[in-house]
Amino acid sequence: MGKVVMYATVSVDGFIADEKDQPGPLFDWLLSGDVPLDESGVVKVSQTSYDYTRSYWDQVGATIAGRHVFDLTDGWDGTPPAGIDHVVVVTHRGRPEGWHPEAPFHFVDGVQAAVAKAQELAGDRLVEVAAGDVGGQALAAGLIDEVRMDVVPVVFGSGKRYFGSVDAQHLLEDPEVLQGDRVLHLRYRVRR
């Protein structure tokens with residue numbers, strides 16, 4: 001089975017959105033370069049960010065998100081983001097009635113069930129867990145192997161925390177660090 005990776009773009013002070021769920025300038029780095037990151041041609045990053053991000057995206061077989069993110073994005077209109085094959089949604093409400101029945105979205109109750117389902121779907125590929133409450137729950141449950149964050153030069157002061165409501169200490173290994181344009185890519189293995 002592939003690794004389970006918690007990931008998001010984050011402000012310097014640790015927020016993945018403001019208090020109104022708006023990302024503000026968090027994704028500006030995705031428009032700051034001249035190398036297209038996907039086939040849309042809209043998302044353009046530096047060569048360093050392309051090499052790091054494209055390689056990561058190509059390894060992800062399934063991503064896990066909470067129902068809140070699913071609702072905010074309207075489930076990406078039934079198409080998983082970044083070319084990912086499957087999305088597992090942690091929810092107590094199940095699949096919305098009539099919502100894209102053919103879409104590769106799977107609705108489960110709880111983070112343990114979500115990680116198990118995502119690993120089944122991803123096989124040897126990576127499982128990505130969105131940072132925030134669901135990611136924090138997975139970290140607290142000992143299900144995360146690696147933490148990745150794209151840190152951008154903005155301070156929010158308050159908002160939605162990268163680690164959600166984690167209230168216990170978790171040790172990480174020394175970071176691997178890459179600097180792109182308007183972003184610092186950090187990668188930490190979780191210490192076991």
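Visitor: What does Arg67 touch?

Guide: Leaving aside residues up to four places away in sequence, Arg67 touches Val89, Val90, Thr91, Arg93, Gly94, Pro96 and Phe107. Contact here means heavy atoms within 4.5 Å. This is a predicted model, in which local features need pLDDT of at least 70 and side-chain atom pairs count only at pLDDT 80 or more, while totals for chains, interfaces and linings use all residues. Residues are numbered from 1 along each chain as its sequence is written, and side-chain values use heavy atoms, with hydrogens and water left out.

Visitor: Why is Arg67 called buried?

Guide: Its relative accessible area is 11%. Buried means under 20%, exposed over 50%, and partly exposed in between, computed with a 1.4 Å probe on protein chains only. Arg67 therefore counts as buried, at 11%.

Visitor: What makes the pair Asp71 and Arg67 a salt bridge?

Guide: The term requires a side-chain nitrogen of Lys or Arg within 4 Å of a carboxyl oxygen of Asp or Glu. In this pair the closest N and O atoms are 3.0 Å apart, so the pair meets the cut-off. Asp71 itself is partly exposed, because its relative accessible area is 38%.

Visitor: Where do Asp71 and Arg67 lie?

Guide: Both are in helix α2, residues 67–72, four residues apart, about one turn of the helix. Helices (H or I, at least four residues) and strands (E, at least two) are DSSP runs, numbered from the N terminus.

Visitor: How many salt bridges are there in the whole structure?

Guide: A search finds 13. Another of them joins Arg125 to Asp85, with the closest N and O atoms 2.7 Å apart. Arg125 lies in the loop between α3 (111–122) and β8 (126–130), and Asp85 in the loop between α2 and β6 (86–90), so this pair ties together parts that are 40 residues apart in sequence.

Visitor: Are Arg125 and Asp85 buried, exposed or partly exposed?

Guide: Arg125 has a relative accessible area of 30%, so it is partly exposed. Asp85, at 39%, also counts as partly exposed.

Visitor: What does the salt bridge between Glu146 and Arg187 tie together?

Guide: The closest N and O atoms of Glu146 and Arg187 are 3.2 Å apart. Glu146 is in strand β9 (residues 146–152) and Arg187 in strand β12 (residues 183–189), so the pair ties together parts that are 41 residues apart in sequence. Glu146 counts as buried, at 1% relative accessibility, and Arg187 counts as buried at 18%. Salt bridges that share partners join Lys3, Glu146, Arg148, Glu176, Arg187 and Arg189 into one network.

Visitor: Which residues touch the most other members of the largest nonpolar core?

Guide: Among its 29 residues, these are Ile64, Val127, Val129, Ile144, Val147, Met149 and Tyr162. A nonpolar core is a set of buried Ala, Val, Leu, Ile, Met, Phe, Trp, Tyr and Cys residues joined through side-chain atoms within 4.5 Å. Helix α3 gives the most to this core, with five residues. Apart from it lies another core, of 18 residues, including Leu37, Val45, Val60 and Leu126.

Visitor: What does Ile144 touch?

Guide: Ile144 touches Val4, Met6, Val129, Gly135, Ala138, Leu139, Val190 and Arg192, again not counting residues up to four places away in sequence.
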